[in-house]
Amino acid sequence: MTTTSKELTVDVIVIGAGPTGENVADRAVQGGLSVAVVESELVGGECSYWACMPTKALLRDAAALRAARALPAAGQAVTGTLDPAAVFARRNSFASDWNDAGQVEWLTGAGIKLVRGHGRITGTRAVTVTDSDGTTTNLEARQAVVVSTGSSSLIPPIPGLDEARPWTNREAAGATSVPGRLAIIGGGVVGAEMATAFSALGSQVTLISRTRLLPSVEEFAGEQVADALRTYGVTLHLDAGATEVRRDDGGEVRVTLSDGTEVTADEVLVATGRVPNTKDLGLEHVGLEPGSWLKVDDALAVVDDSGQLEDGWLYAAGDVNHRALLTHHGKYQARALGDLIAARARGEEPDLSTWGRHAATADERATTQVIFTDPEVVAVGHSAESAEAAGIEVGVVDYDLGSVSGASLHADGYRGQARMVIDEQRKILVGFTAVGPDIAELLHAATIAIVGEVPLDRLWHAVPAYPTISEIWLRLLETAGRDRWV
């Protein structure tokens, strides 16, 4: 087969057209630079088609149904169960039916060049892209190459797992039918959210985890989610790992656990972590290990073990740099990085001071997360444990979220909890975690308080409207005691 080759020179090459890559490109273009984005799959990336948007669409109907049933009159008006076909149809609309035409149109409108195909770094500021038809495009960057290739599901080395044809987050997000029995290996965010979604859709779900549920957040939050999942009929095997998986000739999957228990299911979903999409990226050409996470400095420039890489032209943003594996933090990094590259192209020194324009300080001090289980979990900044590990003089204040007037109005039998983590020396909030139904929108108030380093005695003057769930802020401050900061 005859192949053709093209040449293209731009200021910035971005490998990966997910939300992170799109935002790097957009900010660089707004800074006056020309940009080419390389994408081997769908423009819009994992979040648009196999993670954030479609999975939250799977969860939303169940959350709405639960909210209605938590009220006496509304509960009487709601009959029947969820229609999986209708849920999947709405999910499909949020995934744009796995068609990226709209995203491509946005790129074009933003003045960004799209190059389809698999990109590999082939030298200093050089990337070769090979399309599915064998056509190659040799790209050269005047200023920078940015890697934003994201991550993929980790398939752990459990005997028989590969042969059992497991689901990953992609198969779960794109499911077209509901398995009668679903085994989930992994008790993190993906495992807990998909247990919530598929149990609501009618699956008999069994979740298996070597750790407690949701080990990355405060323990009380994971415990309340675990209690709720059990109430919804999910079987939890916590502190018990899978030691063997096999699919028999009839299609059934059998999962053997470390405690000797055997779980039988129709499908098995693996949700045990992520690996970087760097295996075939050409990292060997810059002295780095293929398949590795990309270590970066404060400017998000890729560094090696010695702390530097020649000329500092290679950057990494999003999951691939392992700073914060969350879409919104990848986009946050991208905005800072696109501006930084443009500033350096103009000969300006970037502002990498704490909370500076080109810094990604929030990755370390104010990482935000919403876990869309039922109940929801929100967290920003430190947990009590991580604050102590960071050497902070920690104060912890807890309050029963269900006793707040707005929560009792929101749903009968409302159950939840909130925690403030305080830096006692600086008298500021450094962490906040809450668990409860429909609390996602509480998070940003905590984020602003932490990022703004608002003194706690000033927070007393932020008056929450009554009766709303936001009254939790007043109750937390009252519990801590106003004289504490005088």
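Good morning. The model is predicted, so local features need pLDDT of at least 70 and side-chain atom pairs count only at pLDDT 80 or more, while totals for chains, interfaces and linings use all residues. Residues are numbered from 1 along each chain as its sequence is written, and side-chain values use heavy atoms, with hydrogens and water left out.

I begin with the sheet. Helices (H or I, at least four residues) and strands (E, at least two) are DSSP runs, numbered from the N terminus. Two strands pair if DSSP finds at least two bridges between them. In general, strands of a sheet pair through backbone hydrogen bonds, either parallel or antiparallel. Here, four strands form an open sheet in the order 10-9-8-14, and their pairing is parallel. At the edges are strand 10 (235–238) and strand 14 (267–270), each of which pairs on one side only. Strand 8 (residues 181–185) is joined to strand 14 by four bridges in the parallel sense, and Ala 183 stands opposite Val 268 in strand 14.

What lies across these strands? Helix 8 (residues 189–201) lies across strand 8, strand 9 (204–209) and strand 14, and runs at about 170° to strand 9. Axes are lines fitted to C-alpha atoms, for helices over the stretch in contact, and angles run from 0 to 180 degrees between N-to-C directions. Contact means heavy atoms within 4.5 Å.

Helix 8 also meets helix 3 (residues 52–69): their axes come within 9 Å and cross at roughly 50°. Helix 3 and helix 8 are therefore oblique to each other; angles under 35 degrees count as roughly parallel, over 145 as roughly antiparallel, 65 to 115 as roughly perpendicular and the rest as oblique. Among the residues making this contact are Leu 58 and Leu 59 of helix 3 and Met 194 and Ala 197 of helix 8.

The second pair is helix 1 (residues 19–30) and helix 10 (residues 327–345), whose axes come within 7 Å and cross at roughly 25°. That makes helix 1 roughly parallel to helix 10. The contact includes Pro 19 and Val 24 of helix 1, and Ala 334 and Leu 337 of helix 10.
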